[in-house]
Amino acid sequence: MTTGAQTPRSPARPPRSRLRTFLPLGIAAWLVLEIWLLTVVAGASSGFMVFLLLVAGVVLGSVVIKAAGRRAFRNLTETINQQQSAMQSGIPPEARPNNEGNGLMMLGGLLLILPGLISDALGLLMLLPPVQKAVSRYAQRTVERKLRDAGPGTLGDAFRQARMHRPDGKVVQGEVIRDDPDDAPQDPRPPLTR
């Protein structure tokens, strides 16, 4: 039975971003290249040598991640102690120099832990201070550009806007406010029966 009303059309699907299109292809190509390079090295030397290289990468990566984590924790405790002592004495805390590089060192350690020679080479590069500074500057510029392009508003505002949109594209805006506490039921509701 029809009522004469048109069926709602689904909104046009937004185009896929380049990242969502090419990231799976890039990961697959990287995995194939890693496996091929491991077989080339195993053919040139031996399988045992490749195993030793992979184990050395895991051990070195673990040491790097542990050292970076300890350094980050030490910097955090120093900052907290400095701010607490400054608040107790009544003087404003002085700004500490930016201790960056812990996250990038952890990323380098993670790349060292991943099995493969290309990831090991990238992990070793991430441990070099000039590379860390260049990657840090690039990441900072990228984040600042993305925030500038995002427009005005706060993070909470963006979160609220994102929650208002339903998956089917319809926007449901509204708020439920209960002013009168007498409207709320005082005793538990009885169970539903058939």
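Which residues of H2 are buried? I began with this, and I read buried as under 20% relative accessible area, exposed as over 50% and partly exposed as in between, with a 1.4 Å probe and protein chains only. In H2 I found Val 50, Gly 57, Gly 61, Val 64, Ala 68, Asn 75 and Ala 86 to be buried.

I note that this is a predicted model, in which local features need pLDDT of at least 70 and side-chain atom pairs count only at pLDDT 80 or more, while totals for chains, interfaces and linings use all residues. Residues are numbered from 1 along each chain as its sequence is written, and side-chain values use heavy atoms, with hydrogens and water left out.

**Overall fold.** I looked up the secondary structure and found six helices and zero strands, in the order α-α-α-α-α-α along the sequence; helices (H or I, at least four residues) and strands (E, at least two) are DSSP runs, numbered from the N terminus. Of the 194 residues in the protein, 14% are buried. I then took contact to be heavy atoms within 4.5 Å, and saw that 59% of the contacts between residues at least 6 apart in sequence join residues at least 24 apart. The accessible surface comes to about 16500 Å², with 64% of it belonging to carbon and sulfur atoms; such areas come from the Shrake-Rupley method with a 1.4 Å probe, and for residues only the protein chains shown count as cover.

**Helix H2.** I checked the length of H2 (residues 47-89), whose 43 residues should span 63 Å at 1.5 Å a residue, and its end C-alpha atoms are 63 Å apart, which agrees; the expected span is 1.5 Å times one less than the number of residues. The buried residues of H2 pack against helix H1 (18-44), helix H3 (102-113) and helix H4 (117-126). After H2 comes Gly 90, with a positive phi near 90°.

Phe 48 also lies in H2, and I recorded this residue as exposed, because its relative accessible area is 55%.

**Helix H3.** I found 12 residues in H3, reaching 16 Å from the first C-alpha to the last, close to the 16 Å expected at 1.5 Å a residue. Its buried residues are Asn 102, Leu 104, Met 105, Gly 108, Gly 109, Leu 111 and Leu 112.

Glu 34, in helix H1, counts as buried because its relative accessibility is 3%. Leaving aside neighbours within four places in sequence, I found Glu 34 in contact with Pro 115, Gly 116, Leu 117, Ile 118 and Ser 119. Asp 120, in helix H4, is buried yet has no salt bridge, and the nearest side chain of opposite charge, Arg 71, is 19 Å away. A salt bridge is a side-chain nitrogen of Lys or Arg within 4 Å of a carboxyl oxygen of Asp or Glu; Lys and Arg count as positive and Asp and Glu as negative, with His and the chain ends not counted. Not counting residues up to four places away in sequence, Asp 120 touches Leu 53, Gly 57, Leu 111, Leu 112 and Leu 114.
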